[in-house]
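Open the model in your viewer and keep the selection tool at hand.

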Amino acid sequence: MKKFLALVLAVLMAFSLCSVAMAASDTPMTAAFLSELSKSKQFYAHVTGHTYENHSDSTNFDIYDDFNTNKISCNFKSKGIRAIYDNGEVKCVFTPLFCYVSASAATVPLLGTAVLAVEAFQTVLKKFIDDPMLNSFTCTISTVERNGQTLTCEKFTGKLIQVSGSFYYNSDGKLCEIVLTDTVGASIGFTVENVATSFDGDVFSVPFYYMNLSVIWKILMLFISLLG
């Protein structure tokens, strides 16, 4: 009888361990990512492409998104330009020229669309940060092909709020694409590399020795509008 009970106990323990292992493997990778993000409320990624308002572009910039202050910084290193977004205003920093201008997103033709896209991205992603355990979402996990790679797609659809998000992971388990859809059905997607949940706050500052050409910029924009 003792041997029989020991055998039953061993089987139950083995089954329990298998169940734990299966539960762990079924846990969405996005839950772990959002758990870290909800603690720091800082999102960094190198963006290699984005889709917004049904228009896709290859791109190359670093995004720094601080949900504590709602500030966003986009660093277009190849162009020598940084855009620092703060409550509707954009500081456009021209690194090679050691100067910057402050303006609204609508008056910066080169960066206006990109800033609006990352602002929309921030708004929807915050819905997920506020619910890192994803209790308000229904999860669907599938395998998809992207650019010759097999990726794991974890899609989350809001049970009450009409937002959704698809998070794609490569074979190494690294986040490589995020597609978010807002309450009116508009989608914003980023293909990303080197995702992190912390960064140095200096990305939102402009060196003190940079010249502020905001007044000259406003005069130039006024002159252009008069010509039009």
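**Cysteines**

Select Cys-74: its relative accessibility is 1%, so Cys-74 counts as buried (under 20% relative accessible area; exposed is over 50% and partly exposed lies in between, with a 1.4 Å probe and protein chains only). This is a predicted model, in which local features need pLDDT of at least 70 and side-chain atom pairs count only at pLDDT 80 or more, while totals for chains, interfaces and linings use all residues. Residues are numbered from 1 along each chain as its sequence is written, and side-chain values use heavy atoms, without hydrogens and water.

The structure has zero disulfides (pairs of cysteine sulfur atoms within 2.5 Å).

**Aromatic rings**

Rings of Phe, Tyr and Trp (its six-membered ring) pair if their centres lie within 6.5 Å; planes under 30 degrees apart are stacked, over 60 edge-to-face, and the rest tilted. By this rule there are 15 aromatic pairs. Select Phe-98 and Tyr-209: the ring centres are 6.4 Å apart and the planes at 50°, so this pair is tilted. Phe-98 is partly exposed, at 44% relative accessibility.

Now select Phe-128 and Phe-137, whose centres are 4.5 Å apart with planes at 15°, so they are stacked. Both Phe-128 and Phe-137 are buried.

Then show Phe-33, Phe-43, Phe-61, Phe-76, Phe-121 and Phe-190, a cluster linked by ring pairs.
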